[in-house]
Amino acid sequence: TAPPGKSPRPIARRPRSGMNARFYAPGNHAPGMLLNLSEEEAQHATRVLRLGVGAAIRIFDGRGQEFDSTIVGVGKNSVQVEVGRLRPAAPEAGVAVTLVQAVLKGDKMDDVIRDAVMLGVAAIQPIVTERTAISLAALNRGDRRERWERVAVSSTKQCGRAVVPAIGTPAPFGRAILAAEDVLNVMCVEPGLAAGGS
C-alpha cells in the first residue's frame, strides 16, 4: 500500500469500465474518502479485470453499505479508490438465519458456504459431529476457516449482497446447539439416517 498522504504510482493502462465489478473493502467509508484495496482485491482489479485509473467500480464494506467509486491510483500490488456516493444495497432477508453445518470432506464445504451465502444466510457455524471425517483439533490447526471466509467474500461479490456472512469457529455439535438454545432451531438430516439407515 502507499505511504500516508501519497498515491500509488499510476501505471499507464487503458481505463476500462468496471461498473459491474464489485470489490470488498471492510471499514468505515464515506463519499470523498481515499482507500487502498487489499492486495488480493487489487490484483483481481488489475491483473484479472485489467482495470486502470479512471475505471468506475463499486465497493462494499461487508456490513450492508455499497458505494459507487472510482480507481484513482494503480501500483504494482495496490489500487487506490475514491469513494463515491452511497448506493442502495441488495436487501437482506427479514429473518436472520444461521446455518449450522457439519464439516464435509475435501472442498465440499466450499460449495455449501458458497450456496448458503447466495441463499441469504446471515451466518454459518461449522460443527464437528460423530460422523465428521476431520477432527476439531485438525480444523483449528489448519486454515480452513480463513479459506471459508474467502469463499464467503467471493460469493457475496458474485450474488450482489453487501453483507458478508460471518463464519464461526468450528465447534462440537453439542456446544453449537447449547449456544442457540434461545432461538428457533430446525434440524435437517438425511432421510436414511433419520430412519436409522446407513
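Which residues does Val103 touch, not counting residues up to four places away in sequence?

## Val103 and its surroundings

In this predicted model, Val103 touches Met109, Pro126, Ile127, Thr132, Ile134, Leu139, Arg144 and Trp148, once residues up to four places away in sequence are left out, where contact means heavy atoms within 4.5 Å. Val103 itself is found in the loop between strand 6 (98-102) and helix 2 (108-119); helices (H or I, at least four residues) and strands (E, at least two) are DSSP runs, numbered from the N terminus.

With a relative accessible area of 4%, Val103 is buried, a label that means under 20% relative accessible area, with exposed over 50% and partly exposed in between (1.4 Å probe, protein chains only). The C-alpha atoms of Val103 and Ala133 are separated by 7.9 Å, although the two residues lie 30 residues apart along the chain.

## Basis of the model

Residues are numbered from 1 along each chain as its sequence is written, and side-chain values use heavy atoms, with hydrogens and water left out. Because this is a predicted model, local features need pLDDT of at least 70 and side-chain atom pairs count only at pLDDT 80 or more, whereas totals for chains, interfaces and linings use all residues.

## Helix 4 and its packing

Helix 4 (residues 144-159) has 16 residues and spans 22 Å from its first C-alpha to its last, close to the 22 Å expected at 1.5 Å a residue, the expected span being 1.5 Å times one less than the number of residues. Within helix 4, Trp148, Val151, Ala152, Val153, Ser155, Thr156 and Lys157 are buried, and just after the helix Gly160 takes a positive phi of about 90 degrees.

Helix 2 and helix 4 pack at an angle of about 40 degrees with their axes 9 Å apart, the axes being lines fitted to C-alpha atoms over the stretch in contact and the angles running from 0 to 180 degrees between N-to-C directions. The contact is made by Met109, Asp110, Ile113, Arg114, Val117 and Met118 of helix 2 and by Arg147, Trp148, Val151, Ala152, Ser155, Thr156, Gln158 and Cys159 of helix 4.

Arg22 is found in strand 1 (residues 22-24) and, at 9% relative accessibility, counts as buried. The side chain of Arg22 reaches the backbone oxygen of Thr156 at 3.0 Å, and that side chain also reaches the backbone oxygen of Lys157 at 3.0 Å. Leaving out residues up to four places away in sequence, Arg22 touches Arg58, Phe60, Glu66, Thr156, Lys157, Gly160, Arg161 and Ala162.

How values were computed: Polar contact = N/O pair within 3.5 Å; in protein donor to acceptor, adjacent residues only side chain to side chain.
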